[in-house]
Amino acid sequence: MSSTTDHPTIYLLSDSVGETAEFVVRAAASQFNGGDVDIRRIPYVDDKKIILETVQAAAETHGMIAFTMVVTDLQEYLLEEAEKASVPVVDIMGPMLEGLAGLYKRDPKREPGLVRRLDEEYFRKIEAIEFAVKYDDGRDPRGLLRADIVLIGVSRTSKTPLSMYLAHKRIKVANVPLVPEVEAPEELYIVPPEKCIGLTIDPDQLNGIRRERLKSLGLTSQANYANMERILQELEYSEKVIKRVGCPIIDVSNKAVEETANIIFDIFRTGGGLT
């Protein structure tokens, strides 16, 4: 089928999927009588043979080539062959790369597929955040077996904010509150201990945190939740469970969430986890 001025054929060459090129071409084509254009996408271009075949096809159909390839050698070959065949070529990424190179004061990496890699990291982060929300506060013990990290400790030891912080680092975290009256889930003792982190805290500091929490809820600070005897009982129970699990313990007293997270990263780096 030959290309016409009313229904042109555009070949899209990309060293990745080619979605960026197609989006730009369709957006531009929409400015011409509704964008009636025949797009032929050629993804994952990594050799000159494919480029030559595309140039020949474009010449036969009187079409055009648009590309988002970033490898210099392939770009130069395409431009040379297209010029020989009198095929018009549009470099979609080039002008932007040149503009950014001027701002960054350095050359681009010219590595194919970096956008896709960023997209994959983004979706992994979203998945980890959704995981942290779903398995927060021991809601569903089945999540413990699927987690990268399991945090255990008494209430107000920063389990939830720590879970969310780690989730933004694309790590799936579940956490379990330890309460003397509630038996720890059996799944906790099935999870490999090297995947678990026990959190503890100074009793006086925990007392102050819980008092402030009650105050923010409009409740009396004399409630059992902030009672020192109760706090010591909870910490003692927590210590027994953590010892039974056999996992590392972090004292979160006077530590910011970021600081605790860095300690966790150090523990897992030493143990070879979170690869």
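Y44 lies in the loop between β2 (38-42) and α2. The model described here is predicted. In this model, phi of Y44 is near 50°. That value is positive, and Y44 is a residue other than glycine. Most residues other than glycine have a negative phi. Y44 has a relative accessibility of 45%. Y44 therefore counts as partly exposed, the class between 20% and 50%.

A positive phi is also found at R170, which is not a glycine. Here the angle is about 70°. R170 is placed in the loop between α6 and β6 (173-177). Its relative accessibility is 30%, so R170 counts as partly exposed.

The secondary structure of the protein chain comes to 9 helices and 8 strands. The chain has 275 residues, for which the globule rule gives a radius of gyration of 19 Å. The value for this chain is 29 Å, well over that figure, so the chain is more spread out than a compact globule. Along the principal axes, the C-alpha atoms fill a box of roughly 85 × 40 × 40 Å. Buried residues make up 38% of the 275 residues. Contacts between residues at least 6 apart in sequence were also examined. Of these, 75% join residues at least 24 apart.

Two packed helices are described by the angle between their axes and the distance between the axes. Helix α2 spans residues 48-61, and helix α3 spans residues 72-84. The two pack at an angle of about 30°, with their axes 10 Å apart. Angles under 35 degrees count as roughly parallel, so α2 is roughly parallel to α3. The crossing of α2 past α3 is right-handed. On the α2 side, the contact is made by K48, I51, L52 and V55. On the α3 side, D73, L74, Y77, L78, E81 and A82 take part. The residues of this contact divide into 7 nonpolar, no polar and 3 charged.

Helix α6 (residues 159-167) packs with helix α9 (residues 257-271). The angle between α6 and α9 is about 65°, and their axes are 10 Å apart. The crossing of α6 and α9 is right-handed. In α6, the contact residues are P161, L162, Y165 and L166. They meet V257, E258, T260, A261, I264 and F265 in α9. By residue class, the contact of α6 with α9 holds 8 nonpolar, 1 polar and 1 charged.

α7 passes α8 in a right-handed crossing. From α7, P203, D204, L206, N207 and R210 make the contact.

I231, found in helix α8, was examined in more detail. Its relative accessibility is 0%, so I231 counts as buried. Neighbours within four places in sequence were left aside. I231 is then in contact with P203, L206, N207, R210, Y225 and A226. I231 and S155 are 76 residues apart along the chain. Their C-alpha atoms are separated by 9.6 Å.

T200 is placed in strand β7 (residues 196-200). With a relative accessible area of 27%, T200 is partly exposed. T200 and I249 are 49 residues apart in sequence. In space, the two are 7.1 Å apart, C-alpha to C-alpha. Leaving aside neighbours within four places in sequence, T200 is in contact with L235, I249, I250, D251, V252 and S253.

Conventions:
Residues numbered from 1 in each chain as written. Predicted model: local features only at pLDDT ≥ 70, side-chain atom pairs only at ≥ 80, totals over all residues. Heavy atoms only, no water. Axes fitted to C-alpha atoms, helices over the stretch in contact; angles between N-to-C directions. Helix = DSSP H or I, 4+ residues; strand = E, 2+ residues; numbered from the N terminus. Parallel < 35°, antiparallel > 145°, perpendicular 65-115°, else oblique. Left-handed = near helix turned anticlockwise from the far one by under 90°. Contact = heavy atoms within 4.5 Å. Nonpolar A, V, L, I, M, F, W, Y, C, P; charged D, E, K, R; others polar. Rg over C-alpha atoms; globule rule 2.2 N^0.38 Å. Buried < 20%, exposed > 50% of the residue type's maximum accessible area, 1.4 Å probe, protein only.
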